[in-house]
Each structure stands twice: as C-alpha cells, then as structure tokens.
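Welcome! Take a look at the sequence and the 3D structure below, and then follow this short tour of some of its features.

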Amino acid sequence: MSHATATKPTPRPSTLRGATLPKWSPWAIAGGSIAVAVGIGLGFGLSSKVQWGLIAAFLFVLGTYVIAAKVEGRRQAKDRVATSIVWVSFILAVIPLASLIWTTVSKGVKVLDFYFLTHSMGMTADTEAGGGIYHAIIGTLEQVGLATLISVPIGLLTAIYLVEYGRGKLAKAVTFFVDVMTGIPSIVAGLFILSFWILILGFGYSGFAGAMALSILMIPVVVRSTEEMLKLVPNELREASLALGVPKWRTILKVVLPTSLGGITTGVMLAVARIAGETAPVLLLVWGNPLINTDPFNGPQSSLPLYIYQQYQNSGGSPAAYDRAWAAALVLIAFIMILNLAARGIARWKAPKTGR
C-alpha cells in the first residue's frame, strides 16, 4: 500500500528588498567630491591643498548621506555615513604619516650610503660635506640597551607584584606612582638625573647617565604593558597549578610568564621604540661627541636623536648638514620599524598554540 507524499511548494525569492546603491557608488561619490572641492578651491582662491582635502571629505560624507537617503532610505544612509566617516578618518590619519615617510626617504637617501654608516664626524665640521653617523649609532644602541637592562627587570617584577601579590594601600600607591610616571615629560627625567647623578654625586656626562633617564621613561610603559598581559592569563591555569601543590612563585615562573611572554615582549619592544627617539635627556646628560666613544660609562657620547638636533642647530644653514640630519632621521625610523616588526614576530611566535 503506497502512501501519497505531499510535496511542499518551492519558496519564491522575496521581492520586498528595496533599492540599493551599486558597489561602485562610493568611488563615484568620492570622485565627484574631489572634483567639486577642486572647483571650490580654484574658484575661491584657496591655495592650500589641505583645505581642498577637508572640503572634499565634507562633501563626500554629505553626498553619501543625501544619495543613500534618496535611494535606500534614511536608516541605511546613516549606516553608510558612519562607514564613510571611518574611511575619511583613516585617510586623514594616513596622509600625514605617508607624507612624513616620503619626505624623510626622499631627503635622507641623498647621503645615506656605506660610508655614511661607518664613519663619524671626528674629522668633519658640521658645515662641511662628508662625515657619518657611526658614533651616533653606537651611542644609541648602548644607551637604549642599558636602559632596557635597567627597566625590564624592575618593570616586570613590579607588574608581577601588582597582579599576583599586590593588595591594600601599598599596591594602590605603586599603581598611582606608575600612572604619574607615565605622564612625566622626558626633560623632567633628564633634569632629575642631572641634579642627582652629575651635580650631587659628581659623576660626569656619559651614555650611562642618559640611559638612566631613559629607563625612568621606559619603566612605566613596561609595567603597564606587562600588567595587562598578566591579567589576560586565565585564573584557571593558576588554580590548576596550585591544586597540584606547585608553589605560587613556581606557578608564576612556569605557567603565568610563559603564557604571556609574547605580549610582554611586544610591550618591551614598544617601550624601547618609545625611548629610542628621545632627545631632551640625551642633550642634558650625554652631551654629544663627534668622535667614536664605545664606553658608555666614561665621557660624552652621541646618539641619533642628538645627532639630528645638532646637525640642524649647528649647521649654519649648510645643505650638507641638513642632508645628514635627514639621513640620520631615516636610519632612526628604520631602527624603530625593525623593533616593531621584531615585536610582532616574537608575539606571533610565542603566542599560545590553539588546537582542536
């Protein structure tokens, strides 16, 4: 005996969907906004391209809302306006950065060669052509390295105390002073080391004095970044380790720190990149030296930020000095970029592996 099976009718596609703008409409609106902005700029005699860009951005957002509201309705128009504002903000943020990089590269490559990287200014006056930044590279590497050796252990242990042990008034006081140190101007850190290390204790200008000032600026960054990374470690990992009878210090050493090592390393690298371009503490404490000085504990040194400042300050309008300053700025940007790329690579390498 066969049973008849009822077949369900195939649902028809919905025809209630309203009209939508084509995918190329944002590009068309952007092109029209730029054309109108250029016309307004030429018509009213606006010579600044920045003004043209701001007018184009305003017309793009306004045009997006008007056209989308006409075709798709006000609700969808608001969504498109929010998206257009995000894109405009992104472009406004990228343009100065791209302009800075382009200017530095175009002016810095004029004298950037092997000779420039392997010679100092010992036999060359600031107004003459030639010379290099070898002494400044050595000073930057030594001063930043010493500052890292000073600040990383202090910052790491402080963050461990605040996250794992800190309770009560002492922890609140430490957190307060870390917040205060985060906003300290670099010149204040330099003045503190100048008054204490050089004027009171009687030590001379040196790369180590500059490194101590840089470490004051670096410690709060390390503390804050490490503290946030330690807070991201799940408490279940700590509880599981403690439940097996492992002491707390060993749990921190074997469980908590390895889990957050990638984020901690990234924070340290970013802190190093933050202090690598500081000029005020180096100007006060390292004093500058056109000769190669590989001993950071004895005598003045140089550094890349200080070298750039001195080339502009003491050049007397010399084009050769300006070219050296731009080339040194390009090397400094490349150094910071390498640190950031290294931080990203280490963070990805040390990130916890997720398995199925």
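**A buried glutamate and its partners**

The side chain of Glu-164 makes a polar contact with the side chain of Arg-238 at 2.9 Å (a polar contact is a pair of N or O atoms within 3.5 Å; within protein, one must be able to donate a hydrogen and the other to accept it, and residues adjacent in sequence count only if both atoms are side-chain atoms). This is a predicted model, in which local features need pLDDT of at least 70 and side-chain atom pairs count only at pLDDT 80 or more, while totals for chains, interfaces and linings use all residues. Residues are numbered from 1 along each chain as its sequence is written, and side-chain values use heavy atoms, with hydrogens and water left out.

- You will find Glu-164 in helix H5, residues 134–165 (helices are DSSP runs of H or I with at least four residues, numbered from the N terminus).
- Glu-164 counts as buried because its relative accessibility is 6% (buried means under 20% relative accessible area and exposed over 50%, with a 1.4 Å probe and protein chains only).
- Setting aside neighbours within four places in sequence, Glu-164 is in contact with Arg-238, Lys-248, Ile-252 and Val-256 (contact means heavy atoms within 4.5 Å).

- Ser-25, Ile-29, Ser-33, Ala-37 and Gly-41 are the buried residues to look for in H1.
- These residues cover an arc of only 135° around the axis, so they sit on the same side of H1 (the arc is that of the directions from the helix axis to the C-beta atoms).
- An α-helix has 3.6 residues a turn, so residues three or four places apart point the same way.
- Trp-27, Leu-42 and Gly-43, on the other side of H1, are exposed.
- Helix H2 (49–71) and helix H3 (74–108) are among what covers the buried residues of H1.

**The largest pocket**

- The largest pocket is lined by 29 residues (on a 1 Å grid over the protein atoms alone, a pocket is an open set of points with protein on both sides within 12 Å along at least five of seven lines, and lining residues have an atom within 4 Å of a point).
- Nearest its centre lie Ala-30, Phe-60, Trp-87, Val-88 and Ile-91.
- H1, H2 and H3 each supply at least two residues of this lining, and H3 gives the most, with 10 residues.

- Trp-287 has a positive phi of about 80° although it is not a glycine.
- Most residues other than glycine have a negative phi.
- Trp-287 belongs to the loop between helix H12 (280–285) and helix H13 (304–313).

How values were computed. 1 Å grid on protein atoms, 1.4 Å probe; cavity = no way out; pocket = protein on both sides within 12 Å on 5 of 7 lines; lining within 4 Å.
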